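Here is a friendly briefing to read alongside your structure.

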Amino acid sequence: MSSANRNTSNPQAGDEQPPAVSRHVGIAPMLTLIAVGVLLYAGGMYLDRHAGGFRANVYEPYRSLEYVESLQPQDKGDKLMAQGKQVYQTCSACHQASGEGMPGQFPPLKGSKWVLASGPDRIIRIVLNGLTGPIEVAGETWQGVPMPAIGSGFSNQEIAAVLTYIRQNEEWGHNATAVTPEEVAAVREKVSDRSAPWTAKELKKIPVGEEE
Amino acid sequence: MNLEKLFLSIKGLGTVALWVLVALVAIGILVAVVAYANRSRGFRLFLVASVTLGSSWYAFLVAPFQQVGHEQPSVAEATGEIYPTAPPGQVKRGEEVYRSNGCVYCHTQQVRGTGGDIPRWGQRRTVARDYLYQSPVQLGSQRKGPDLSNVGARRTSEAWHLRHLYAPEWMVEGSTMPPYRYLFEIRKVVGDGSPDALNLTALGLKEQVSPNGRYELVPTEDAKALVDYLLHLKAEVPLFEAPLPKKQEKSDEKQNKKQQSGQQPSKPTVNANQFE
Amino acid sequence: MNSSESSQSSGHPEAEQARGQSPWSAADLDESCQMPVLYLFVSAGFWLVISSIFGLLATLKLHAPGLLADIPWFTYGRVWPVFWNALVYGFAVPGGIGVSLWLLARLTRQCLVLPWMIFMGALFWNVGILIGLLGILSGLTTGHAWLEMPHYTNVILFVCYAFMAIPAVMTFVWRNEEDPYPSIWFLFLALFWFPWAYAGACYLLNFVGLRGVMQAVADWWYIHNLGTIYFGLIGLAVLFYFAAKVAERPLYSRYQVMLILWLLALFGSWGDVPHGAPVPAWLPNLSAVTNLFVILVLLVLANVLHRTVSGHYGSFLKSVPYRFVLFGGVAFFVAGIVDFVTAIKPVSTIVELTEFTQAQSLLRVYGFFAMTLFGALYFIVPRLARMEWPFPRLISVHFWLAALGVVLYVVPLAISGIVQGGLLQQADVEFMQAVEPSLIYMRISTIGDVFFLLGHVVLFLNLGVLYYRYAFADWVATIVNSTQPTEAVEVGA
């Protein structure tokens, strides 16, 4: 530690002056400035194309919000089906989740010609105002519990959804046309002055689609 | 200030112009401050450091935080289904086991939109919303083993996972995963034995562990929690920012079929899914 | 020891008057650094050996997954982060501080202020590392890459860093050189960069608890700022110092060096967000664009270094410490080019999420930073301790082990990543089918680990024996001497 061994023959001991630095400017800063400009432009163009407009909901590999929107499920029926499944929980108390009803009390929806009719005009009425009296479903005549009017508790959208659900339920083997909220609205308009439940006889008079 | 809104409001100028504008303003501020502070070399360097670090801090932490830091679970429009939901306690415990044993060093939890990831690891790419309830977020950076974002959908058997944790090479040929035998215990059978006990014959360990059937191999609570966590890992629910590309085509096909069969409504297609 | 104290007490004179002409000779400056810097180097060497033992253990587990698998403390997922944290926080950061302190004293021509404070900081830093690594082994890891140590060690490390950095800043402020050599700019910036990035990331991740994927973003930001900027700044400072020294020429263009500093600080810190990451598309793309700018750093740096050294490249080979620095410089360029190429989307799609990323980090942290640091260390230590290396021939052995180690570790892992990533591009390839052909390369990289371990043992042997002679030999001799006379007295009586 003493100054005596300060000058030991160190193999790497060069000059101990701090190194110096030249004050050339050179051409590199100018070139760099140009390069930064070019890269800023190129980078800006690149980001314009690939950064998804700096949106929070555009991820790789999608390009823009419009593109992501175009990829959303467009099939309205699918949305109705999903909503209908929710709404059907009200119906499943009687008609059961399987749609098979309860023998002697609640008629089945599965395979029912009332449900699978080519047009929805009749079942919309049943849902809106209820049904009473004997009705023939799946080869049996049902005298059981009358169906209450539930139309006032649900929107046109929800009724359309649940009807679409029972008409198109693949698990039941159903594949009838979808019901639109507009159709429900039209029927609701027509029957707005009626409060009594429907009977099967009355319903038979109402035409369903082109078949009748 | 919301970056997204800012960019949108000036979008008419074009991104390039915006870049130049931002750069000019930034340089202007810098020059002014530096000129003011020119008396001290150290302070000038300090300013350089703070401004540059601050810029990256803003661009890479503040701005993304404004965008995804407050994200909420998605609520499906039609069904009201919420995704993702807060995981139950057992799953949280499993997440702790996953973290403390450093599973992240071999397993990623991210499905990219490219690179063959989607058919192999999931239905769709993963997005920020998938990780809302994860902490720590175990994205990982290397795949020495498979990606686990959707392992709960891919491997649904609890027994398989437990056996795999105990003896990976027995379940997956050529696996380099270390066995996690310390998450299990071998103990004497009491009464009818534990309902969780592993099937020793299926593991080929009957002879080794309990030739006379008096011992059983039982997972610890940690092992069960870890498996619950793995089974919970699913990123399949379609989100707005991550639609399902495959399903889209499928539903198109379905629609076409419906239109075709719609002409003969008397022939319902039973279990149409089977034929697809 | 006494002399260092005396120089410390007179270490901060009326600096205003002294500016321009330093009252200190190079030997005085060295003496002021002696105690803390040598301690930092020895402890860094120690952690390096620990790190490489765990690194070797981790890679051996790829050959035999069952190795030590029944002990939770030695499962792969804990051994690996211990390897990496010991390398980064045990070796790289304190080693970098040690080199910074010495360069700072030499280039500002000011004796290091408050060396005892720095020594205490370094001492407790090592305690923090020990606690942190034990924490990881016992399963208390935070799960955030590069920040695995439990949250309380963050506080220890941060406070200890402040103990080391505050005297360094004071040394700079009381400098005797009005316009110091450009290396000082880099070191000064680095001095602030680490605590900012570290405190920011730790605060966000371990104390506030960011929600969801923002944790990963904060982690990437931190890794990039530490790996690219902090290590880059210190490594480049060392490079500039040696470039002028070896070539015996002034460093080319003060202004271009300043340009490098600005470009690196401005564009280098803009994250390292992978393309496939589950974050909005603009984030990885912005990150990739700024990565393109970093190529400018390489271009200007190449210009500066070439114009400084051209015609004297041979001088780098004359002495082993210079060879380390040369290797580090080359690795910096290779790492920069690799980063540039992997920022391009089609390339990153293949290599990200494979071993390639590991090869990339190691090339930067070890191939560039650690190698540069070794060079500086072999150069500085004999001057500080005023004694020869105990085993001078082992320096060359260490160089070859480390250089071959880097090549044998990085190249096979990179190939493994490309093979695996390439195969996984095809959707019909099973995952295990893609792992199998890449596994052999991962296993080859074990040779690299073995070389690292041997090299580090060699380094620690040199450092340890030297440190013993420096710090304890006198003390031991005194004890021996003081006991002998008493015996003599007894015999005499």
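## Where chain C meets chain A

A salt bridge links the side chains of D179(C) and R23(A), with 2.7 Å from N to O. Please keep in mind that this is a predicted model. In total, two salt bridges are counted between chain C and chain A.

**The interface of chain C and chain A**

- On the chain C side, 52 residues are in contact with 41 residues of chain A.
- Together the two chains bury about 3,900 Å² between them, and carbon and sulfur atoms give 60% of that area.
- Three residues, W282(C), R383(C) and R386(C), supply 14% of the area that chain C buries against chain A, more than any other three residues.
- Polar contacts also cross this interface: 13 residue pairs are found, both residues being at pLDDT 80 or more.
- Several helices of chain C each supply at least two residues of the side that touches chain A, among them α3 (26-63), α4 (76-108), α8 (214-247) and α16 (431-492).
- Which helix gives the most to that side of chain C? The answer is α10(C), with 10 residues.
- Sorted by class, the side of chain C that touches chain A has 32 nonpolar, eight polar and 12 charged residues.

**Backbone geometry to look at**

- Most residues other than glycine have a negative phi, and most peptide bonds are trans.
- W146(C) is not a glycine, yet its phi is positive, at about 70°. This tryptophan sits in the loop between α5 (115-137) and α6 (151-173) of chain C, and W146(C) is buried, with a relative accessible area of 9%.
- R386(C) also has a positive phi, near 55°, and is a residue other than glycine. You will find R386(C) in the loop between α14 (355-385) and α15 (392-424) of chain C.
- Is R386(C) buried or exposed? R386(C) counts as buried because its relative accessibility is 6%, under the 20% cut-off.
- In chain A, the peptide bond that joins E60(A) and P61(A) is cis, with omega about -5°. P61(A) belongs to the loop between α1 (28-50) and α2 (65-70) of chain A.
- In chain B, a cis peptide bond joins Y83(B) and P84(B), and omega there is about -10°. The loop between β2 (82-83) and α4 (89-100) of chain B holds P84(B).

**Cysteines**

- How many disulfides does the structure hold over all chains? The count is zero.
- Take C111(C) as a case: its closest cysteine sulfur, in C33(C), is 7.9 Å away, so the two are too far apart for a bond. A disulfide would need the sulfur atoms within 2.5 Å.
- C111(C) counts as buried, at 0% relative accessibility.
- C160(C) likewise counts as buried, at 5% relative accessibility.

**A buried serine, S269(C)**

- S269(C) lies in the loop between α9 (254-268) and α10 (282-309) of chain C.
- With 0% relative accessibility, S269(C) counts as buried.
- A polar atom of the S269(C) side chain is 3.1 Å from the backbone oxygen of A265(C).
- Leaving aside neighbours within four places in sequence, S269(C) is in contact with T52(B) and S56(B) of chain B, and with residues of chain C including W193(C), W221(C), H224(C) and N225(C).

How values were computed
Residues are numbered from 1 along each chain as its sequence is written. Chains are lettered from A and ligands numbered from 1 in the order in which they are written. Side-chain values use heavy atoms; hydrogens and water are left out. Helices (H or I, at least four residues) and strands (E, at least two) are DSSP runs, numbered from the N terminus. Buried means under 20% relative accessible area, exposed over 50%, partly exposed in between (1.4 Å probe, protein chains only). A polar contact is a pair of N or O atoms within 3.5 Å; within protein, one must be able to donate a hydrogen and the other to accept it, and residues adjacent in sequence count only if both atoms are side-chain atoms. Contact means heavy atoms within 4.5 Å. Buried area is the accessible area (1.4 Å probe) that two parts lose on being put together, summed over both. A salt bridge is a side-chain nitrogen of Lys or Arg within 4 Å of a carboxyl oxygen of Asp or Glu. Ala, Val, Leu, Ile, Met, Phe, Trp, Tyr, Cys and Pro count as nonpolar, Asp, Glu, Lys and Arg as charged, and the others, Gly among them, as polar.
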